[in-house]
Structures are given as C-alpha cells and as structure tokens.
Amino acid sequence: MADVDPDTLLEWLQMGQGDERDMQLIALEQLCMLLLMSDNVDRCFETCPPRTFLPALCKIFLDESAPDNVLEVTARAITYYLDVSAECTRRIVGVDGAIKALCNRLVVVELNNRTSRDLAEQCVKVLELICTRESGAVFEAGGLNCVLTFIRDSGHLVHKDTLHSAMAVVSRLCGKMEPQDSSLEICVESLSSLLKHEDHQVSDGALRCFASLADRFTRRGVDPAPLAKHGLTEELLSRMAAAGGTASGPSSACKPGRSSTGAPTATADSKLSNQVSTIVSLLSTLCRGSPVVTHDLLRSELPDSIESALQGDERCVLDTMRLVDLLLVLLFEGRKALPKSSAGSTGRIPGLRRLDSTGERSHRQLIDCIRSKDTDALIDAIDTGAFEVNFMDDVGQTLLNWASAFGTQEMVEFLCERGADVNRGQRSSSLHYAACFGRPQVAKTLLRHGANPDLRDEDGKTPLDKARERGHSEVVAILQSPGDWMCPVNKGDEKKKKDANKDEEESNEPKGDPEMAPIYLKRLLPVFAQTFQQTMLPSIRKASLALIRKMIHFCSEALLKEVCDSDVGHNLPTVLVEITATVLDQEDDDDGHLLALQIIRDLVDKGGDLFLDQLARLGVISKVSTLAGPSSDDENEEESKPEKEDEPQEDAKELQQGKPYHWRDWSIIRGRDCLYIWSDAAALELSNGSNGWFRFILDGKLATMYSSGSPEGGSDSSESRSEFLEKLQRARSQVKPSTTSQPILSAPGPSKLTVGNWSLTCLKEGEIAIHNSDGQQATILKEDLPGFVFESNRGTKHSFTAETSLG
C-alpha cells in the first residue's frame, strides 16, 4: 500500500464514468487505508497533500451520479483528513457547494438501505468536525434544518453516537441563527419536538439550543415570543416540577435543599436538578424580553412547578428562588422597573475594528493601563476621543470587558456612566468577566447599570455558572438574587412611588400585573415562610428571607390581612414573627438583621394589631431594643460623666519597635527589618532597605509593587502568603497586650516619620503619603478608600481597591 503512486491515486479519484467508477472506488479504499494506517502523519500528508486531494474528494460529492457506496468511502476519507488536521476544514469550505452537498445527503437518506444509512452517518461525522472551525459555512449551506430533520425523522434508526454528533452540530449552528431568519419557525418546531426525545442527550441538547436562541434574541433586542409557539414554556415547567421530585406539591415530606427519603417516586431526578439553572435562565430571558410570554406564563401552572422545585436539592431551590425574585418585580413593579443597559444593541455602537499598527499599539497600551490600574490614563483616552467608550477590538472585547476583569472599580463606574453597553462583548459580557475573576463590587455596579444576568457566553454559560465553577461565593450570592442590585427595595421609596404614579398616569396602564400579583402573593408567601423553617441550609434561609421581605414590602395592608385570614395562612403571623426572632438570634449576621428589621417594620405598619402581640410574646421587641443600643436617657447619663478616656492622645513623634500605632482604620507596627501597615482591606510590608518596591496583600493575593506602578504576582503562593503573615504576626507579638495604640499624623502638617528608607507624611486632610528616599513614587492611604493609591515614578496614578475583606 505504501508503493501507491500519489499521482495515479489522484487520477483514479477523478474518474467517474462507467467502468471507471470501480477504479475510483479502489482509489478511495487505498487512500483511506493509507491515511488510517500511516504512522507518520507528515510523510502521509506529503504523499497525499490535502491541497490537491481534498478538492478532488469534494468534487466526488458534487457528482450527482455518484453511488452511495462511493460517497460513503469518500466521506470516510474526508473524516480521516479532518481528524488529523483541523486546518483541512478551510480547504473543504473553499470548494463551492461541497458543504451543501454533504447536508443534502441527510435529506435524501434511505434508512432501509444499509449503504445509504452508513453514508448519512459518515456525513454527520464530517459536519461535526467542520463545525468545530467553520460552523458559519455549514449554517449558510442550510445545515441546521437538514440535521434537525435527520434527527427528528431518522434519529431512532441510527447509532447513538451518530445521533449525539448530529445534536452537537445543531447546538453549534443554533448560535448562528438570527431572529429574522426565515427558517426560524421550522427550527423552533423541530427543537420543540426534540425536547421530548427519549434520548436524554438529545432532549438536553435541544434545551441548550433554546437557551442559545433566546440569548440571540436578547442581544438583538427582539421579543423572543416566537420561541414559545410550540409548547416550550409548558415543557420547561414540566421539567422544573420534575427536578424537585414528584408532582405531589407542598404536602411532600421532602425538606427544601435536601433529597427526599420517601418512596422512589418522590426522589428528585438528579439530571433534571442539574438542568434547573438552564431552565430558570431560559424562563427569565423569556419573561424579560416578552410581555406576551410573561402574561401567559403567570396564568399557567407556574406556581405548582415552583412549589415542586422547592422540594429539590440546594441548587435546585436556589435557582427556583432566582426566578421568583424576577417574577415579583414583574408582578408588582412591571417591566419598566427592570434596568436597561445604558446603550442598546440597536444604537450606533462601533463594531469590531481592525486597527492599523499605530492603533493596535495605542490599544495595547490602553489595555496595559487597565491591567496596571491606571484609571487616569483610561479617563484621558475616553475624554480626548482617542477611543470610543464602546470600542470593541478585533477579538470582540470591549474596554468595559477588560476593566471588569482587571481594572479598578472606578474604571468600571466611569465607563458605565459614560454610556458603555454593559451587555456587549462577542465572547462574554462584562458580567461574565466580573464573575469569572471573582469581583463582587464590579458585579453589583454592572447589575445597577442594566447588566443582564441571564446572558450566555460563547460556551453557553451564564455569569452565575462561571462564578460557581470558579468558587467565587460572594459573586454567587449576588447573582443568586440579582434583583437586590437591579431593583433594590426601600431605596428612595417615596421618589419611586411618585415616579411610578406619574408614569402610570401618563401611560394609563396599571403597574405590574394587578390581576395575578395578589394570587401569587397568597400562594407563595406561606410557601417561602415554610421553606425557611424547614431548612437548615444558610444559603436557602438567606434567599427565602430576602423573598419574604420583598413580598411583605409589596403587599398592601388589606392583602396582608387577607393572606393571614386564608386557610393556607391562618398561622402565618406566628410563623413570620418566629422567622424574625430566629434571624435576630443569629450573631454576626448584619445583613440578616437588616432584612428582619425591615420585615418587622412592614408588619407593624401594615398589620399592627395582627402582629404586635406575637412580636411581644416571642420577645422580638426586646431583641430589637437590644440591637438599637442604650436609650437616650442612658446616653445622656453617659455624656454627663467625665470624659477622661476620650481625651485625645498626642501623635507619635517616631515609630519604635514593640509599640502599636494607628492612622484612622490603619494599624502600624515596626518590625525588626520592615514596617507593616494594614487594615481590613489590605496589608503592606515596607522593607527598611528597599529602593521603592514593597509587598502587599489585597483580595487574598500577594504581589510586589515596583516603581513603575505595575505589580507582579509571581511570588503569590500559599507558602509566600504564610511567610508574609507570619512575619507580620511576629512583629505584632512584640507588643504587650495592655499597650494602647498611639495615633500618628492625625492632622496635616510638616511632621515626618522615618523608618529605614521610608517616610510618612500628612499634607492633606484624611490622607497620608508614604515615600521612599531612593525614588519619586508615592503610596497614598485615604480615609475612605479600602486599599491604596500608587503614584508611579512616571507620574501615573494606580488605584488598588479591595473587594473582599483581608480577614
């Protein structure tokens, strides 16, 4: 076989008339054996180069008279080429009509003919390999509907591997579908039927395809109602209910956040439970984008599905609560309350731009500035017009994408305020980057400016999925209840009420859904009160408490009384007060205490007679008094006492070893060879002999700052962090426990404290500067900044702001 002459082989491949067809088939078989059995790919490609052989193979597919057995071997040979090198894809795409010919073979397949079936299966494998690099070419050739038709009509007669490969092709191609495509309705109808397919991989793939399509609609600002024409929402509700276990409803003995231990029929489907995140995101996207879908969904079996899903595992329950969080806004506030991105997809936003060499250099420099936290450089670039605020580079990333991943909080706020589209980004949205890099404050800012928490990235994942994968618990908690940041309750209530009334008068439309809002509140308030009491999982308790808080806030006085008088809520006053008492008993839970106090306030305002006795009986009033602190009489009595302890201490004139010092919230200790300065946000280690560099810990990471203003994190490891903290603790241990900390530089003035090569001065109120004698750089600590500002030796400023506590 190794002696085959390549030129002869290529000549035989190009035959195709009469007896020559047999020679063509022999050549194809020999080529397949050569590709399959070769132990040296490079030599094989030299012998049968893709640049000549692949076009010849593709032309066989363009031959309408070619029999199925020849085409099947041809498809196999193409598959071998693609298996070896993905670069071969572009050569196939370069042959006009080749992709379309492959797709058409799926339409004309004769399943009762073994050869025809084998050909179709081989064509699916070829399309799957092509889609990894050139899915757009397959989509343009009509591949989506061809493959969907093949799965729907012939999927039960082909091998499972082929079926799953075909579904992988569909998943990739759905990302290319646009809302205005003429084939959309056929695609939606086929996918809707596949949702009920007996093969779980196919039905799950169809679900992900719908999520991808919904994402396309959202990014284009188009109503996604066409996606729900063929029973999508009904199927989603059915899966959501099944994920929680049985359809037995609220009487089930299964506790929220745990698996049921009852009969086998009450056991949650673990696969469905894992799908709930996709189901909830898809339902949320449909509700955000379509008033019609929202109207119909609220009048469906949705409450039953919610109750059933609340019997699932922890993730299932939390995802369900995320959907309820959005529904409460739509029910009581209406979709006008949902924040909108400051720039829409239909606006005049620059697309991907290929820069010239000068532009590329400027762009790289701006990205370097973002990475090095140089906020001033970014502001200058936007203000001078060097870059538009929605500039997108040639890989589809915006300035806000970069800032959300690597920049400062100030950068993100500046870009958002200047009109940056928070949902823009070809690969991922800015919220994806904030979630991926664990930046909770950035995530909150993006949500406040209209970031959509249900958008999907190029891998089909939401920001919540990315945060969960990376283990960023703070970001997960934020994205679990995004409505807290998108539509915060209780902030500017009076102004919101006035604005809402004004909007209502102008539009003559009621706010929210006044028909269904009371129905859902009557149904869900007792359910979530019960959910809180039945679980011991902190995450579920926190989420359910937030929902109870919102429902009571939205509830009118008459409606609250009606709920409490109903059969379901007859003991609701006792349950709600017990919940507040439980939360107030938890120490170090400031967020929980705030929610409980807000609930108590609303209960007293809206149903005082109904709740006051219960609040007193369960000791809630005394708990609130304890939290409030001493009474005004006690305070006056304390004020009348001599204030010996409050006499101001004099500022230290020098920093000595073994003594503690402080400036505002920063603590200072001089070690044997270093000066340590730390707060809840950051810790700095200033080596006595340094020429300007220093080490610091921020957001749990150790880095070294150099005079240029670019920190290097190469030394960050658990061992290095431990060594840093051990040295700091050793310096602290030299201080006697009874020693009182002495202030330094309390007011602006000429005083200077020197330790080694470092000097500390205070020239502005609420700010101290740390200079090094060997350099021009300065480190600035500010009273209200959880971190520090670094002024490099080039005069640039870099802000380092902590998003997590130092601990």
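User: Which residues do ring pairs link into a cluster with Phe694?

Analyst: This is a predicted model. The structure holds 13 aromatic pairs. Ring pairs join Phe694 into a cluster whose other members are Phe696, Trp758, Phe788, Phe790 and Phe800.

User: Is the pair of Phe694 and Phe788 edge-to-face or stacked?

Analyst: The ring centres of Phe694 and Phe788 are 6.1 Å apart, and their planes stand at 65 degrees. Planes over 60 degrees apart count as edge-to-face. The pair is therefore edge-to-face.

User: How many residues apart in sequence are the parts that Phe694 and Phe788 tie together?

Analyst: Phe694 and Phe788 are both buried. Phe694 belongs to strand S5 (residues 694–698), while Phe788 belongs to strand S12 (residues 787–791). The pair therefore ties together parts whose separation in sequence is 94 residues.

User: Is Trp402 buried or exposed?

Analyst: Trp402 and Phe406 sit four residues apart in helix H20 (residues 399–406), about one helical turn. Phe406 has a relative accessible area of 21% and is partly exposed. For Trp402 the relative accessibility is 16%, and buried means under 20%, so Trp402 is buried.

User: Which residue has its charged end over the ring of Phe406?

Analyst: A charge counts as over a ring only if it is within 6 Å of the ring centre and within 35 degrees of the ring normal. At 4.0 Å from the centre of the Phe406 ring sits the charged end of Arg371.

User: How far apart in space are Leu286 and Ala214, C-alpha to C-alpha?

Analyst: Leu286 is in helix H14 (residues 270–289) and is buried, at 0% relative accessibility. Leu286 and Ala214 are 72 residues apart in sequence, but their C-alpha to C-alpha distance is 7.2 Å.

Conventions. Residues are numbered from 1 along each chain as its sequence is written. This is a predicted model: local features need pLDDT of at least 70, side-chain atom pairs count only at pLDDT 80 or more; totals for chains, interfaces and linings use all residues. Side-chain values use heavy atoms; hydrogens and water are left out. Helices (H or I, at least four residues) and strands (E, at least two) are DSSP runs, numbered from the N terminus. Buried means under 20% relative accessible area, exposed over 50%, partly exposed in between (1.4 Å probe, protein chains only). Rings of Phe, Tyr and Trp (its six-membered ring) pair if their centres lie within 6.5 Å; planes under 30 degrees apart count as stacked, over 60 as edge-to-face and the rest as tilted.
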